[in-house]
Amino acid sequence: MYGRVTNYFTDRGYGFVRGEDNNSYFVHHSQLKEECMERGYYVSFKIFSNNRSDYNARDIVVIESTDRQSNTQKGIYYY
């Protein structure tokens, strides 16, 4: 399935992805492998159920990341 990250709390280690079926899926940092996530990223993932919820995401792969802005002494750069 594909979806977009709606929220990800790096300091807490979890977040949510809105799937193409319009459901919200819980993401725990242990399911990211070596990926990093931020709000707005377009990702692919697999759905799984556990004793807390039927809407969980695993095997997350970032397909597209959003542009980031960096303020520097010389101005704003995009990378």
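A pocket, as I use the word here, is an open set of grid points with protein on both sides within 12 Å along at least five of seven lines. I kept that in mind while looking through this model, which is predicted.

I looked up the largest pocket and found about 160 Å³ of space in it. Strands β3 (24-28) and β5 are the elements that give two or more residues to its lining. I noted that β3 gives the most, with 3 residues.

**Entry: the chain as a whole**

I stepped back to the overall fold. The chain has 7 strands and 0 helices, so my sketch along the sequence is simply β-β-β-β-β-β-β. Of its 79 residues, 25% count as buried. The chain exposes about 5,800 Å², and carbon and sulfur atoms supply 43% of that area. I also checked contacts between residues at least 6 apart in sequence: 40% of them join residues at least 24 apart.

**Entry: Ser-44**

Is Ser-44 buried or exposed? I found a relative accessible area of 17%; the cut-off for buried is under 20%, so Ser-44 counts as buried. Ser-44 is found in strand β4 (residues 42-48). Leaving aside neighbours within four places in sequence, I listed its contacts as Met-1, Tyr-2, Asp-59, Ile-60, Val-61 and Ile-63.

**Entry: a nonpolar patch**

Some of those names came up again when I turned to the surface. Tyr-2, Val-61 and Ile-63 make a nonpolar surface patch of about 260 Å². I followed Ile-63 to strand β5 (residues 56-64). Ile-63 counts as partly exposed, at 47% relative accessibility.

**Entry: salt bridges**

How many salt bridges are there? I count 2. In one of them, the side chains of Asp-59 and Lys-46 meet at 3.9 Å, N to O. Asp-59 lies in strand β5 and Lys-46 in strand β4, so this pair ties together parts that are 13 residues apart in sequence. Asp-59 also meets Arg-58 through their side chains, at 2.6 Å, N to O. Through shared partners, Lys-46, Arg-58 and Asp-59 are joined into one network.

I then looked up how open each member is. Asp-59 is partly exposed at 22% relative accessible area, Arg-58 is partly exposed at 30%, and Lys-46 is partly exposed at 46%.

How values were computed. Residues numbered from 1 in each chain as written. Predicted model: local features only at pLDDT ≥ 70, side-chain atom pairs only at ≥ 80, totals over all residues. Heavy atoms only, no water. Helix = DSSP H or I, 4+ residues; strand = E, 2+ residues; numbered from the N terminus. Buried < 20%, exposed > 50% of the residue type's maximum accessible area, 1.4 Å probe, protein only. Contact = heavy atoms within 4.5 Å. Areas by Shrake-Rupley, 256 points an atom, 1.4 Å probe, with all protein chains shown as cover. Patch = residues over 30% accessible without salt bridge, like charges linked within 9 Å, V, L, I, M, F, W, Y side chains within 5 Å. Salt bridge = Lys/Arg side-chain N within 4 Å of Asp/Glu carboxyl O. 1 Å grid on protein atoms, 1.4 Å probe; cavity = no way out; pocket = protein on both sides within 12 Å on 5 of 7 lines; lining within 4 Å. Points joined across faces, edges and corners; volume = space filled by probe spheres on them.
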